[in-house]
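Let's take a friendly walk through this structure, one neighbourhood at a time. Have the sequence and the 3D view ready.

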Amino acid sequence: MTDVLIYGGGAVGLGIASCLLASGARVDIIAREDTVTSLRANGLLRTGLFGDFHAAADTFECHTSLDECQTGPYDFVLVCTKSFDSAAAAADLATQRDALGAEAKIVLLQNGWGNAEVFCGHFEPQRVYSGRVITGFQRHRSHEVEITVHADAIHIGTLFSGDVAALAPLCRAIEQGGIPCERTDNVGKDLWAKMLYNCALN
């Protein structure tokens, strides 16, 4: 079983969490207090393009702080915060290095460029991976996420010296849960393309 920590319970974080839960992964979610309260009361609901899925509240853990997590170590830590929160997220995760586990791979599912360099200030570069997400997620309620658009598979790779093959369990779990996901040796190109896409879109 793949053990995953989702750091950031916004639309992207909950969307990816739904895929992991649907595939049978063990998932912990760090989110804001209102989101945690709603998830504990209602579970996690996903609707939209890839079909409906509901994870009961007792099938995952959710907390407002890393200090509350007692279920590590993790295989993967997925950072799903906004880019302007990267510095705070990296510092917070670094304080829990032992709880995360020495083998935990940090996967940044964020927009923009420069996030990986921020995390490399706290973690070894070979542990830091980047993902390009070009799927649209919308939250209607704190515990509910809708997939509204999908342009291409999620691509995950490294900008440094990490082992891309080590990403296979994560990519397989996300894909089994509903969203296409692939490893790539060219994630830098993907991130720049997404940035240009966002400039035109926004």
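Leaving aside its neighbours within four places in sequence, which residues is S86 in contact with? They are Q110, N115, V118 and F119, where contact means heavy atoms within 4.5 Å. Before going on, note that this is a predicted model, in which local features need pLDDT of at least 70 and side-chain atom pairs count only at pLDDT 80 or more, while totals for chains, interfaces and linings use all residues. Residues are numbered from 1 along each chain as its sequence is written, and side-chain values use heavy atoms, with hydrogens and water left out.

You will find S86 in helix α3, residues 86-95 (helices are DSSP runs of H or I with at least four residues, strands are runs of E with at least two, and both are numbered from the N terminus). S86 has 2% relative accessibility and so counts as buried (buried is under 20% relative accessible area, exposed over 50%, partly exposed in between, with a 1.4 Å probe and protein chains only). The side chain of S86 makes polar contacts with the side chain of Q110, at 3.0 Å, and with that of N115, at 2.7 Å. Such a contact is a pair of N or O atoms within 3.5 Å; within protein, one must be able to donate a hydrogen and the other to accept it, and residues adjacent in sequence count only if both atoms are side-chain atoms. F119 is 33 residues from S86 along the chain, yet their C-alpha atoms are separated by 7.6 Å.

Now for the rings. A search of the whole structure finds 1 aromatic pair. The rings of W113 and W192 have centres 4.9 Å apart and planes at 25°, so they are stacked (rings of Phe, Tyr and Trp, the last by its six-membered ring, pair if their centres lie within 6.5 Å; planes under 30 degrees apart count as stacked, over 60 as edge-to-face and the rest as tilted).
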